[in-house]
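Reader: I would like to go through this model one feature at a time. Where do we begin?

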Amino acid sequence: MWNRILRRVFFIIPQLFAFSLLVFALAQWMPGDALTGSLTNLDNPWYIRYLQWVANMIRGDFGLSYTYRMPVVVLVGARFGNTLWLAVASLLLTYLIAVPLGIYAGRFNGSLGDKVIRFFNSISFALPIFIVALLLVWLFGFQLALFPTRGMPLLPESQTLLASLLNRVHHLALPALAFAFSASASTIQRLRSGIIEAKQEDYVLTARSKGVPESMVYRKHIFRNSSLPITALLGYDITGLIGASIFIEYVFAYPGIGRLFISSLESRDFSVIIAVLLIYGLAALVGTLVSDIILTIVDPRVRVR
Amino acid sequence: MEELKTEIASVTAGENRLSHEANEETKAVVDFRSMLGEFQKDKLAVVALGTLVFLLLFVFVGSLFFDETQVMQVDLLNRYASPGGNHLLGTDEAGRDVLGQLLLGARTSLVAGTAVTVLSGFVGIGLGLLSGYYGGILDGLLMRFIEFIMILPVSVLVLVLVSIVSEYSLFTFILLMSAFNWAGKSKVFRNRTRSEAKRDYVRASKTAGTNDMLIMIREILPNLSSLVIINTTMSLARNIGMETGLSFLGFGLPPAVPSIGNLLRYAISPTVFENYAWVWLPAATLIFVVLLCIIYVGQALRRAADARQMQGQ
């Protein structure tokens, strides 16, 4: 098993290489010199320029932003934390919503609650994420005036840690909810189907006939088996999170990388575009790597001796 | 993305027999006529289909009444007029009729979404068939390449492509959107073709000397018809959503062209959002209902195919 894991980890190297080539090719297509933000170096053959670029990146030099007139690293670094907060909050909220609902729908299959859950599932599946975001803004932000709808202002240093944390959570609530509402649909569906299938398995019948209480049957046996697809796909969820975060940060004017990406696309600030593209690609590759490793570990075809 | 996830889930869960309704791969194929018969029993799905047809008619017939240049004529004296009178749904910030924009925009969005689906469908199904049927080195290479594409954050790349190619027509836009869509479909169809190609009827045809292409198109493909229909329906919904999303961010159709995404862009500004809801609310509702109907029909078709398969057709 460790053989397979090691092979999978090493496989990321050609993936990174291929991705960096792709980004490099895109950068050539862009006017000017997207990779250093300057107009030099255009005489060298492309492989020299590629190696130069990689060398620069390793040293931490991602070029200069054209619009902001500052190193791209600084610009991105300031926003990265925000997006990370949003990502963690979104994923947490998604699983918080999806797991109980999925289990309920699977366990009480066919009941009214199950039908309601499935109905809302169809809706959230159909709605593009930015429409969900807009509707949430309208409902909670304007009609009920419960949550702030824009930005992520940081409290001054003098405020207590708790106050800063609460401020953050307050501003994260709507964006994270928008993502959770949209993303929980597939998880609920998968969990529900998994539980429905598992309910019919022999080991459940055995457990029940032994006299094991129903809730323990669910906790120990059914849930353990059904939770596999969810945990394993967590890494793949990261790629979906990337696409969604762009829309969410745009609607909520949340100062994260997604917002930066859109504004740099609008202003044709190519160095920033390239840098953000690299970050997204890296996140996607690492996410799938993690998922693949988890899948390898829990693959029932691999018997541990 | 969803296709990759369902495939991974089915691989790991295969041993535990935790296949589920999202798994289109390991189930046997179903004749689509019997699937339609099963579909008709689902009343809600029939209602959804009916609503969809009605909305399509509404959009396509209604848009005939509006002339694009006239609708997009800026009329600043009429800014943000409330619904009623001359303008049934009011006007937007430049005094343009909202209803006209809605219908014309919906038409463009639907046409673009359908075009992307058809294009990526042809490429995806075609490559999948060829790759699954012939196998070999090319198949292996293609699958590696496709796996790489499927991992990448596609929406991000499409955005970058759209911003690089600054001058584009509707046709180029459709091409850009289809650039990555075909990959997932290819893989799904390739896997199915591979399992079909091992079956007896294919071997019999090969022995009889039938042309490979004929085998693929006349024999294998009809057996995949249920998969084609379900897959196409779901990707239609996704593609329409993608086009709307791109326009919403400002990277779709130019602002002078009416589109649903452009109408929704107005919702970003808080004043418009709160006070002039007639500008964006109808657009949001229309796209929501259309997508909901398409997806519900797709899910119902999938359930119908599953039910038929379990009955042994």
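Reader: Why does A:Ala253 count as partly exposed?

Author: The model is predicted. A:Ala253 has 13 C-beta neighbours inside 10 Å, so A:Ala253 counts as partly exposed.

Reader: Where in chain A does A:Ala253 lie?

Author: The loop that joins α9 (234-251) to α10 (257-266) in chain A holds A:Ala253.

Reader: Which residues does A:Ala253 touch, leaving out those up to four places away in sequence?

Author: With those set aside, A:Ala253 touches A:Arg150, A:Gly151 and A:Arg259. Between A:Ala253 and A:Gly151 there are 102 residues of separation along the chain, yet their C-alpha atoms are 5.1 Å apart.

Reader: How many residues are in the largest nonpolar core?

Author: That core has 153 residues. Among those with the most contacts inside it are A:Ala133, A:Phe247 and B:Ala283. The element that gives the most to this core is helix α15 (residues 277-311) of chain B, with 18 residues.

Reader: What is A:Ala133 in contact with, beyond its neighbours within four places in sequence?

Author: The contacts of A:Ala133 are A:Ala178, A:Phe247, A:Ile248, A:Val251 and A:Phe252.

Reader: How many helices and strands does chain B have?

Author: Chain B has 15 helices and zero strands. Its length is 313 residues, of which 47% count as buried. Among contacts in chain B with a separation of 6 or more, 69% come from residues 24 or more positions apart.

Conventions:
Residues numbered from 1 in each chain as written. Chains lettered and ligands numbered in written order. Predicted model: local features only at pLDDT ≥ 70, side-chain atom pairs only at ≥ 80, totals over all residues. Core = buried A, V, L, I, M, F, W, Y, C linked by C-beta atoms within 7 Å. Buried ≥ 20, exposed ≤ 12 C-beta atoms within 10 Å, placed from the backbone. Helix = DSSP H or I, 4+ residues; strand = E, 2+ residues; numbered from the N terminus. Contact = placed C-beta atoms within 7 Å.
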